[in-house]
Amino acid sequence: MTPAPCAPRRPPLALAIAALAASLPLPALADSVTEWNAVAEQTALTAGPPPVQFRLLAITQVAVHDALNAIDPRFDPYLAPAPAAPGASADAAVAAATVGVLAELVPAQAANLILLYGNRLAELPPCPPAYPTCVQDGVDAGTAAAAAILAERTADGSATPHRLYAAPLVPGVYQRTPGSPAPQFGGWAELPPFVMRYAAQFRSDPVEMMDVGSREYAREFNEVRQAGSAAVRSAAPDSEPSRTARFWPGGGANWNTPARSIAAGRGLDRWQHARLFALLNVAMFDATISVFETKYTYNFWRPVTAIRAADTDGNPATAADATWTSYMPTPPYPDFTCGLPTISGAAMEVLRRYFRTDALPYTQTAAGVTRSFATLTEAGTDVVNARVYGGMHFRAGCVHGLRQGERVGRFVHQVSLRPSTGH
């Protein structure tokens, strides 16, 4: 679809986006790419659960990247866009690419998005005499890039992400957890990755703690039983572990937000920002495929199931507690590896390699908790701890998930969207 300008008004999403922009430091919204990335992130929150959000953001940022490189091919495109008309407006292309994807995939927000789009086009400077149709030419480039990536992903299987799950009721095997829906995203590994060669390319190897009779298992069992207990954490809601547990699932892993903060003031232009956000979001999406492939390969049980059924595991160092509950809700899929650390690992590795350093400090507020990190490694340690403190994961799945995600991010950065010859 080609978005069209509408009459000015301020519907809910437009107000939310305006509030988001106002809450960010001005340098973080240095150009149209960073501004529309914030819009895409805000819109994604309404699109569905995190895997669906990551898919939406990957498609959006690929469209933006390809639209700009149709105007000036500074980096390899994801697809092969036709060259834009000379003088095409980069800002119009970014807007049209973003809204072309978002309005198609989140139709409930289409009217709000198109209104915002029309307002942004109206704010663009007049076209120079040499290129009188520069805005329309930019719109055409963005619309074409959005249409191309949407066509590429239309039948990718994301419309039917879940599969019937059946497993024997034996110790160590994942079962539906109390109060949760049926296991979800069992078919996500069947989706085609953006950059990974195949879903199992970075599958984590099994670990010793997955033997429920082992000493390692007992150690991790007893750690999460204490550290992730709802009773323990709720009794000390302002403690560092409790705040950590709430921060990450409460929005701390929306890596586009820290990426905008990290990129601010570094002198990057729109093409460089577009490449950064395309790499970042493609890596996070591919990490979701990698992690669900791993989860449903091993089908390892969650702490809440393990603790309530510890009298069946044959391990003398574990004890059952039939009423134990995790501090944070347990997601409806197997434990190993952990999704949040895997996706965060992919994002952090892209950022490390893009900026060639781990020392990328940032501060973020999520779920009413503000946290500051001096390095990405520090943030990675925190996200691992968060899942244990939240009670929904054993530590091993989080540690290995972080490493798994780093491998995904490294691969995405190495092989895709490289600088074009002559640039």
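Me: Which elements each supply at least two residues of the lining of the largest cavity?
Reply: This is a predicted model, in which local features need pLDDT of at least 70, side-chain atom pairs count only at pLDDT 80 or more, and totals for chains, interfaces and linings use all residues. Residues are numbered from 1 along each chain as its sequence is written, and side-chain values use heavy atoms, with hydrogens and water left out. A cavity is a set of points, on a 1 Å grid over the protein atoms alone, where a 1.4 Å probe fits but cannot get out, and lining residues have an atom within 4 Å of a point. With helices (H or I, at least four residues) and strands (E, at least two) taken as DSSP runs numbered from the N terminus, the elements that each supply at least two residues of this lining are α2 and α3.

Me: How many residues does α3 give to the lining of the largest cavity?
Reply: Among the residues lining the largest cavity are Glu41, Gln53, Trp255, Asn256 and Met284. By class (Ala, Val, Leu, Ile, Met, Phe, Trp, Tyr, Cys and Pro nonpolar; Asp, Glu, Lys and Arg charged; the others, Gly among them, polar), the lining has seven nonpolar, three polar and one charged residues. The element that gives the most to it is α3, with a contribution of three residues.

Me: What is the volume of the second largest cavity?
Reply: The count comes to two cavities of 30 Å³ or more, where grid points are joined across faces, edges and corners and a volume is the space filled by probe spheres set on the points. In the largest cavity lies about 60 Å³ of space. The lining of the second largest cavity has eight nonpolar, one polar and no charged residues, with α11 giving the largest share, three residues, and the volume of this second largest cavity is about 30 Å³.

Me: Is Leu417 buried or exposed?
Reply: Leu417 is found in the segment after α15 (395-415), and it is one of the residues that line the second largest cavity. Its phi is near 55 degrees, a positive value in a residue other than glycine. On the scale used here (buried under 20% relative accessible area, exposed over 50%, partly exposed in between, with a 1.4 Å probe and protein chains only), the 7% relative accessibility of Leu417 makes it count as buried.

Me: What is the relative accessible area of Ala367?
Reply: Ala367 lies in the loop between β1 (362-366) and β2 (369-373). Its phi, too, is positive in a residue other than glycine, near 55 degrees. Ala367 is partly exposed, with a relative accessible area of 45%.

Me: Which elements give two or more residues to the lining of the largest pocket?
Reply: A pocket is an open set of points with protein on both sides within 12 Å along at least five of seven lines, and the largest pocket holds about 580 Å³ of space. Its lining numbers 27 residues, of which Pro50, Pro249, Tyr333, Leu340 and Arg387 lie nearest the centre. The elements that give two or more residues to this lining are α3 (50-71), α9 (240-252), α11 (270-298) and α13 (339-355).

Me: Why is helix α10 largely enclosed by the rest of the structure?
Reply: The cover over the buried residues of α10 includes α2 (32-44), α3, α11, α13, β1 and α14 (376-389). Among the buried residues of the helix are Asn256, Pro258 and Arg260. Helix α10 (residues 256-263) is largely enclosed because, of its eight residues, the number buried is six.

Me: Which side chain of opposite charge is nearest to Asp137?
Reply: Asp137 lies in helix α6 (residues 134-153) and, leaving aside neighbours within four places in sequence, is in contact (heavy atoms within 4.5 Å) with Ala85, Pro86 and Ala88. A salt bridge requires a side-chain nitrogen of Lys or Arg within 4 Å of a carboxyl oxygen of Asp or Glu; for charge, Lys and Arg count as positive and Asp and Glu as negative, while His and the chain ends are not counted. Asp137 is buried yet has no salt bridge, and the nearest side chain of opposite charge, 15 Å away, is Arg270.

Me: How far apart in space are Gly405 and Met284?
Reply: Gly405 lies in helix α15 and is buried, with a relative accessible area of 0%. Not counting residues up to four places away in sequence, Gly405 touches Thr342, Gly345 and Ala346. Gly405 and Met284 are 121 residues apart in sequence, and their C-alpha to C-alpha separation in space is 8.1 Å.
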